[in-house]
Amino acid sequence: MFYRLAQESDIDEICNLIKAAICSMEEQGIFQWDDIYPEKADFLADIQKQQLYVGVLDDDITVVYTVNEECEKEYQNGRWKCQDCKYRIIHRLCVNPVYQNRGIAKNTLSHIEDELHKLHVRAVRLDVFSENPFALSLYRNAGYEKVGFADWRKGRFYLMEKLL
């Protein structure tokens, strides 16, 4: 797999991937995303800011994610271990359901951390839906620790951090 910045020409494939992921999650009783969030405008804004990345395998976009320093005010609820250090936040990490259970999320997370380490980033932060056991397991197994929570429209999300 190779990773690259997403381009506007990718937007339809990205939106189809997200729709398929929402259907897959709902089939598993995970109601974290819907047609309100995330939406096409979120991804287009990330593309314009050059913060949206895709992982490509066999000419298919298999994973998407955003990395930046932007967060909602609820991130103030976090007891961040690295208060004054350089950090980045992962948003909307999503694997195409066709490619799930192949280690793609784990490998992508490792790729993100490696790239951020090269940029001298000291901490990676994210939020994860408290009712998504697969995402919770992914992040816990990768060394992310719960440092707080945020309550949003869809429920409780755990704030997590990993020091690099």
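Begin with the second largest pocket, which holds about 270 Å³ of space. A pocket here is an open set of points, on a 1 Å grid over the protein atoms alone, where a 1.4 Å probe fits, with protein on both sides within 12 Å along at least five of seven lines; lining residues have an atom within 4 Å of a point. The volume is the space filled by probe spheres set on the points, which are joined across faces, edges and corners.

Select Y53, V67, E115, L116 and L119, the closest to the centre of this pocket among its 15 lining residues. Two or more residues each come from β1 (2-5), β3 (60-68) and α3, with α3 giving the largest share, four residues. Helices (H or I, at least four residues) and strands (E, at least two) are DSSP runs, numbered from the N terminus.

The model is predicted: local features need pLDDT of at least 70 and side-chain atom pairs count only at pLDDT 80 or more, while totals for chains, interfaces and linings use all residues. Residues are numbered from 1 along each chain as its sequence is written, and side-chain values use heavy atoms, with hydrogens and water left out.

Next, move to the largest pocket, with about 1300 Å³ of space. Of its 45 lining residues, Q32, W33, R92, L93 and Y139 lie nearest the centre.

Now select I90, L93, L126, V128, Y139, Y144 and M160, the residues with the most contacts inside the largest nonpolar core, which has 22 residues. Such a core is a set of buried Ala, Val, Leu, Ile, Met, Phe, Trp, Tyr and Cys residues joined through side-chain atoms within 4.5 Å; buried means under 20% relative accessible area, and exposed over 50% (1.4 Å probe, protein chains only). Another core, of 21 residues, lies apart from it and includes I14, L17, I22 and I61.

Centre the view on L93: leaving aside neighbours within four places in sequence, its contacts (heavy atoms within 4.5 Å) are W33, V63, V64, Y65, T108, L138 and Y139.

Finish at α4, where A135, L136, L138 and Y139 are buried. Looking down the axis of α4, these residues fall within an arc of 160 degrees, so they line one face of the helix; the arc is that of the directions from the helix axis to the C-beta atoms. Their cover includes β4, α3, β5 and β7. On the face turned away from the buried side, select the exposed residues F134 and N141.
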